[in-house]
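Here is a friendly note to read alongside the structure. Please keep the view open while you go through the points.

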Amino acid sequence: MTVATLTTTQNCLSFFQQRIVRAVEYWLNHDAVKQLQIAYLDKEKEAILKVISLGLQFEPAWPIVRPLIVALTSFMERRGHWEAWHQLLQRAIAVAQRVGDANGEVTLTALLARLSQRMSRPEDVVHSYRRVIRLARQTGNRFEEARTCSNLGYYYVDNGQWWRSEILSKHALVIFEDLDSAHGQAHTHNHLGALYARQHLWNNAEYHLQRACDLWQSMQDEHSLIHGYGNLGFLYNEMNRSEDALAYLRKALTQAELSGEESYIGTLWLNVGITYVQRDEFTLAQSYINRAEQIFKKFSNSLGLAQVWHNLGIIAWKEKQWNDAKILFKSSIQAYQNLHNNDGIIKVLLSMTECELERKNYFQCRIYLDELSILVEKHYTGHQLHSLRQSLNELHQNILAE
């Protein structure tokens with residue numbers, strides 16, 4: 001009797017495991033996964049997550065579970081299913097470690113780092129990327145080393161750590177050129193373009209961003225072009241070329257809506273709003289920025305919200321709603337401080353100084369300028385330091401002239 005029961009149990013377990021493998025294979029080979037059919041995947045998301053979760057419990061299924069996870073990552077990121085996917089990636093990394101799949105661990109940890117970046121988890125981002133670089137070097141995976149250096153370099157752009165960003169991105173570009181990876185080169189040119197735009201090195205920024213877009217166009221990579229067009233829109237905003245900014249941002253929005261890149265649409269709407277702020281079209285600006293705010297709240301995008309509140313503060317200031325401006329500026333600074341983002345803090349403090357100068361509140365202006373001088377001298381070098389010193393000197397002269 002005992003032998004019969006054991007055999008029956010084993011047969012049931014074997015049957016169940018075979019069903020798991022077939023289910024994983026079904027989704028791995030499904031056209032909706034291969035072609036990222038957003039509408040279909042939206043409907044089937046829970047079923048797919050359940051299949052992957054079961055597959056992670058059955059180690060022999062790992063060789064087909066891992067590629068399914070990789071294939072679905074772009075969909076899960078675009079549609080904002082971040083928390084569930086974050087947990088699943090952590091489980092998958094643990095399985096990769098348990099079965100000794102070093103390459104799988106590298107790939108999945110890189111995906112976890114990228115997702116943590118979207119989720120505004122700075123400590124997780126840096127920890128995961130550094131681990132990937134270490135593992136990639138140990139296993140001789142030069143492509144993954146380059147991709148991770150490039151992505152970490154891009155992360156450092158938004159955090160104002162520009163010298164680190166440039167070193168990592170240029171190192172990545174050398175490897176991608178050696179590997180003849182057009183895909184890697186395009187993304188790294190995009191990252192360098194975003195870096196130089198932040199530093200106001202306009203010619204360098206434009207060269208790298210246009211180079212990225214040319215490579216993506218040659219590969220017919222319409223999805224990646226979203227980010228190239230978006231960064232060109234940001235660049236032309238910074239250069240006060242509003243018509244060029246709007247042209248590229250509208251191109252990016254069209255592509256983002258087609259590809260279901262919901263979270264990035266918030267960034268594009270914000271930048272369109274900034275363009276209209278520069279044109280003093282405040283009603284239009286506020287409508288776009290408010291739409292961006294809703295997206296950022298949905299995805300808990302702390303950096304995006306800091307930028308939203310800064311720009312809404314500018315609108316309130318320009319419309320002489322002083323109290324609202326002050327509240328919004330302080331909210332923005334608090335968010336930037338939580339992110340340890342000195343570049344953002346300085347931008348908001350500059351706006352606050354100009355706002356108080358317009359109100360002829362010179363005592364408060366001097367307080368802000370003293371704070372700005374300390375931050376600028378502590379965190380910047382080179383061209384950007386020179387540019388910010390000029391801005392602060394002009395504000396000092398304006399106060400003295402009153």
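1. At roughly what angle do the axes of helix 6 and helix 7 cross? In this predicted model, helix 6 (residues 102-118) and helix 7 (residues 122-139) cross at roughly 155 degrees, and their axes come within 8 Å. Axes here are lines fitted to C-alpha atoms, for helices over the stretch in contact, with angles running from 0 to 180 degrees between N-to-C directions. Helices are DSSP runs (H or I, at least four residues), numbered from the N terminus. That angle makes helix 6 roughly antiparallel to helix 7, the term for angles over 145 degrees, while those under 35 count as roughly parallel, 65 to 115 as roughly perpendicular and the rest as oblique.

2. A word on the ground rules. Residues are numbered from 1 along each chain as its sequence is written. As the model is predicted, local features need pLDDT of at least 70 and side-chain atom pairs count only at pLDDT 80 or more, whereas totals for chains, interfaces and linings use all residues; side-chain values use heavy atoms, leaving out hydrogens and water.

3. How confident is the prediction? The protein chain has a mean pLDDT of 92, with 97% of its residues at 70 or more; pLDDT is the predictor's confidence in each residue, from 0 to 100. Confidence is lowest in helix 1 (residues 2-28), at a mean of 76, and highest in helix 11 (residues 202-219), at 98. Where pLDDT is low, the predicted coordinates should not be read in detail.

4. Back to the first pair. Helix 6 and helix 7 have a left-handed crossing, meaning that the near helix is turned anticlockwise from the far one by less than a right angle (clockwise would be right-handed). The residues of their contact divide into 10 nonpolar, six polar and four charged. Here Ala, Val, Leu, Ile, Met, Phe, Trp, Tyr, Cys and Pro count as nonpolar, Asp, Glu, Lys and Arg as charged, and the others, Gly among them, as polar. Contact means heavy atoms within 4.5 Å. In the loop between these two helices sits Ser120, with a positive phi of about 55 degrees although it is not a glycine.

5. Next, look at helix 9 (residues 162-179) and helix 10 (residues 182-198), whose axes come within 9 Å and cross at roughly 160 degrees. These two are therefore roughly antiparallel to each other, and their crossing is left-handed. By class, their contact has seven nonpolar, seven polar and four charged residues.

6. Helix 14 and helix 16 (residues 302-318) pack at about 20 degrees, with axes 11 Å apart, and are therefore roughly parallel to each other. Leu270, Ile274 and Val277 in helix 14 meet Gln307, Val308, Asn311, Ile314 and Ile315 in helix 16. This contact divides into six nonpolar, two polar and no charged residues. Asp280, in the loop between helix 14 (262-278) and helix 15 (282-298), has a positive phi of about 60 degrees without being a glycine.

7. Finally, the aromatic rings. The count comes to eight aromatic pairs, taking rings of Phe, Tyr and Trp (its six-membered ring) with centres within 6.5 Å; planes under 30 degrees apart are stacked, over 60 edge-to-face and the rest tilted. The rings of Trp27 and Tyr40 have centres 6.4 Å apart and planes at 50 degrees, so the pair is tilted. This pair links distant parts of the chain, 13 residues apart: Trp27 in helix 1 and Tyr40 in helix 3 (residues 38-56).
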